[in-house]
Amino acid sequence: MGTYHGRMSFLRRRSATPAGPDFDVLAMDPGDWPGNLGAGLLPAPDGTCQGVFLRYDLFGGRGPAMIIGNLPEGSPAREVAEGEIPFEVGQLLLALENDEEVTVVGVEDTPVLQGDNLLIVRRLKLSESRISCVQFDRSDGVLVTIAAWDRPITDDLYALLKPLPAELFQQG
């Protein structure tokens, strides 16, 4: 299987034309983040939404600190070969203009409580130690991936994750 190398289309403004996904997007509320937020849709040729990504940038032009992706079953961005980085890590590297070759060097499963739900979180160890990356599968088949630059992903982050309103993903 090949890696999907498409770029996200980031939304600049909202209008009344919905262009969002038919699945809930789990991420941090933009109001809880001290920087700028970009929402990106990964479109399929038939117009369906094959993924939603939220890019959290820090103030002061320091670049993206975190990307949270939600990929439904069947999304081509989920198809990565053994040792290859998740799509979200690739997008983080692109946004940072970092062209270093990064690979997955290890995976560790960890149980984490999110509210009343027990998640089995996969912590990916990468050849670039400044990137933290975790993944978990939701009960509706959506894969959530969190990639962070130069900061660890701690268990308290999962308590901040919640479904975001569909209105956030309207294109204009």
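Buried residues make up 46% of the 172 residues in the protein chain; buried means under 20% relative accessible area, exposed over 50%, and partly exposed in between, with a 1.4 Å probe and protein chains only. This is a predicted model, where local features need pLDDT of at least 70, side-chain atom pairs count only at pLDDT 80 or more, and totals for chains, interfaces and linings use all residues. Residues are numbered from 1 along each chain as its sequence is written, and side-chain values use heavy atoms, with hydrogens and water left out.

**Overall build**

- The protein chain has 2 helices and 10 strands. Helices (H or I, at least four residues) and strands (E, at least two) are DSSP runs, numbered from the N terminus.
- Starting at the N terminus, the order of elements is β-β-β-β-β-α-β-β-β-β-α-β.
- Take the contacts between residues at least 6 apart in sequence: 56% of them join residues at least 24 apart. Contact means heavy atoms within 4.5 Å.

**Surface**

- The protein chain has an accessible surface of about 9,200 Å², and carbon and sulfur atoms account for 49% of it. Such areas come from the Shrake-Rupley method with a 1.4 Å probe; for residues, only the protein chains shown count as cover.
- Leu113, Leu118 and Ile120 form a nonpolar surface patch, with about 320 Å² of accessible area together. Patches use residues with over 30% relative accessible area and no salt bridge; like charges are joined within 9 Å, nonpolar side chains (Val, Leu, Ile, Met, Phe, Trp, Tyr) within 5 Å.
- Leu113 sits in strand E6 (residues 104–114). Leu113 counts as exposed because its relative accessibility is 59%.

**Salt bridges**

- The whole structure holds 6 salt bridges. Each is a side-chain nitrogen of Lys or Arg within 4 Å of a carboxyl oxygen of Asp or Glu.
- Asp137 and Arg122 pair at 3.3 Å, N to O. Asp137 lies in strand E8 (residues 131–137) and Arg122 in strand E7 (residues 117–126), so the pair ties together parts 15 residues apart in sequence.
- Asp137 is partly exposed at 40% relative accessible area. Arg122 is partly exposed too, at 21%.
- Arg78, Arg122 and Asp137 are linked in a salt-bridge network.
- Glu128 and Arg130 form a salt bridge at 2.9 Å, N to O. Glu128 is buried at 5% relative accessibility, while Arg130 is partly exposed at 38%.
- Asp57 and Arg55 form a salt bridge at 3.2 Å, N to O. Asp57 is buried at 16% relative accessibility, and Arg55 is partly exposed at 23%.
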